[in-house]
Amino acid sequence: MRNMKFVKRIGVAVLAACMVLSCVGCRSSSNKGAAEGTTEVAAEGGQTKISVAAAASLQATFDDELIPLFEKENPGVTVEGTYASSGDLQQQIESGLDADVFFSAATSNMDALVDENLVDKDTVVDLLKNDVVLITPKDSKLGIKGFKDITKADTIAIGDPESVPAGKYAKEILTNLGVYDEVEKKASLGASVIEVLSWVAEGSADAGIVYATDAQTENTNGDDKEVEIVATAEDSMMQTPVIYPVGTVSSSAHKDEAKAFEDFLQTDEAKAILEKAGFTINE
C-alpha cells in the first residue's frame with residue numbers, strides 16, 4: 001500500500017512539473033511571438049531621419065517647399081533642417097554636429113571642411129549662385145540708391161564678416177568702394193543674413209546688405225515688414241562669386257539617403273523651385 005501511495009505521489013509531482021514546464025513554454029513562446037511582432041511593426045513603420053545643415057538664406061525655400069516635396073517622393077525618409085550662418089555651421093560640424101548634408105552659402109566654408117576630411121570631397125556640387133543686394137526699409141527717405149550711398153544711413157546692418165558669408169561679401173564690396181571704414185562705425189553685425197534682413201524690415205536699421213533671395217522672400221511673405229532692393233552688387237565690386245556648394249558630411253550614418261537628397265536638389269523640379277526663390281543654377 002505504501003508503495004502504491006509513493007508511486008501516486010511521484011505521478012502527481014511529475015504531472016505538476018510537466019504542467020509548470022508547459023506553462024513556462026507557453027509564456028516563452030508567447031513572449032517570443034510578441035517580441036517578433038513588435039520588431040515587425042517597428043520595421044514596417046520605420047523612418048530614416050537625415051539632418052541637413054544649411055545656410056540661413058535657404059531656410060524658407062527648404063522648409064516651405066523642398067523638404068516637404070522630397071519627403072513626399074521618399075516616404076521612408078524624413079529631413080530635419082538646421083539653419084545658421086555658414087561659418088557657424090562649419091564650426092558646429094567641426095565640433096561634432098550630427099549632420100548628414102552641409103549646404104553652404106560660400107565655397108570657403110565647404111573647402112575648409114573638405115580639407116579637414118569632414119565632408120566627402122567627391123560629393124560636393126557647386127549648385128547655386130546668388131546676388132548680393134543693398135536694401136532699405138520700403139518707406140526710406142534717405143535717398144540711398146547705390147552702395148556708395150550707404151554712408152547716408154545712420155544705422156547700417158551687415159552680417160558679421162568673421163562668420164557670415166554675406167557679411168564677408170559686404171565687407172569686400174564696401175572695401176573696394178573705399179567706404180568700409182566709415183560704414184564700420186555705424187554697423188550692427190548680424191549673426192546671420194536673416195537677422196540683418198529683419199533689422200532693416202523692422203526699420204531698426206536704415207540700410208543693410210543681404211542676398212537677393214532673402215529680400216525677395218521678405219517682399220512676398222504677406223506681412224507689413226517689407227524692404228526695397230536699391231542696388232545689386234556688380235561683379236567688378238567683388239573678387240569672390242557667391243556660390244552655394246552642397247556635400248555629404250563624412251561622419252553621416254545615412255549616406256545613401258544624403259545622396260538621394262543631394263540628387264533631388266539637382267532635379268529639374270527642385271531647380272525650378274530654387275530659381276523661383278531667386279537663386280541662379282550654377283551650370
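What is the accessible surface of the protein chain, and what percentage of it belongs to carbon and sulfur atoms? The accessible surface comes to about 14900 Å², and 51% of that area belongs to carbon and sulfur atoms. The model is predicted: local features need pLDDT of at least 70, side-chain atom pairs count only at pLDDT 80 or more, and totals for chains, interfaces and linings use all residues. Residues are numbered from 1 along each chain as its sequence is written, and side-chain values use heavy atoms, with hydrogens and water left out.

The protein chain holds ten helices and eleven strands; these are DSSP runs numbered from the N terminus, with helices (H or I) of at least four residues and strands (E) of at least two. Of the 283 residues in the protein chain, 42% are buried. Buried denotes under 20% relative accessible area, exposed over 50%, and partly exposed the range in between (1.4 Å probe, protein chains only). Among contacts with a separation of 6 or more, 77% are made by residues 24 or more positions apart, a contact being defined by heavy atoms within 4.5 Å.

F70 is placed in helix α2 (residues 59-73) and counts as buried because its relative accessibility is 1%. Leaving aside neighbours within four places in sequence, F70 is in contact with V77, V79, E257, A260, F261 and F264. F70 and F261 are 191 residues apart along the chain, yet their C-alpha atoms are separated by 7.3 Å. A153 is located in the loop between β5 and β6 and is buried, with a relative accessible area of 0%. With neighbours within four places in sequence again left aside, the contacts of A153 are L142, I144, K186, D206 and A207. The C-alpha atoms of A153 and A187, which are 34 residues apart along the chain, lie 9.8 Å from each other.

Side chains of opposite charge can pair when their charged atoms come close. The structure contains five salt bridges, each defined as a side-chain nitrogen of Lys or Arg within 4 Å of a carboxyl oxygen of Asp or Glu. One of them joins E80 to K49, with the closest N and O atoms 3.9 Å apart. E80 belongs to strand β2 (residues 77-84) and K49 to strand β1 (residues 48-55), so this pair ties together parts that are 31 residues apart in sequence. E80 is partly exposed at 39% relative accessibility, and K49 is partly exposed at 48%.

Another salt bridge is formed by K138 and E226, whose closest N and O atoms are 3.0 Å apart. This pair links distant parts of the chain, 88 residues apart: K138 is in the loop between β5 (132-137) and β6 (156-159), and E226 in the loop between α8 (212-218) and β9 (227-232). K138 counts as exposed at 56% relative accessibility, whereas E226 is partly exposed at 23%. A further salt bridge connects K259 with D263, the closest N and O atoms being 2.8 Å apart. Both residues lie in helix α9 (residues 255-265), four residues apart, or about one turn of the helix. K259 is partly exposed at 49% relative accessibility, as is D263 at 36%.

D214, in helix α8, is buried but has no salt bridge. The nearest side chain of opposite charge is K276, 16 Å away; Lys and Arg count as positive and Asp and Glu as negative, while His and the chain ends are not counted. Not counting residues up to four places away in sequence, D214 touches S57, V193, I194 and L197.

A negative surface patch is formed by E94, D111, D115, E116 and D126. Patches consist of residues with over 30% relative accessible area and no salt bridge, in which like charges are joined within 9 Å and nonpolar side chains (Val, Leu, Ile, Met, Phe, Trp, Tyr) within 5 Å. The place of a charge is taken as NZ of Lys, CZ of Arg, CG of Asp or CD of Glu.

N117 is found in the loop between α4 and β4 (125-129) and is exposed, with a relative accessible area of 61%. Its phi is near 60°, a positive value in a residue other than glycine. Most residues other than glycine have a negative phi.

Definitions and conventions
Areas by Shrake-Rupley, 256 points an atom, 1.4 Å probe, with all protein chains shown as cover.
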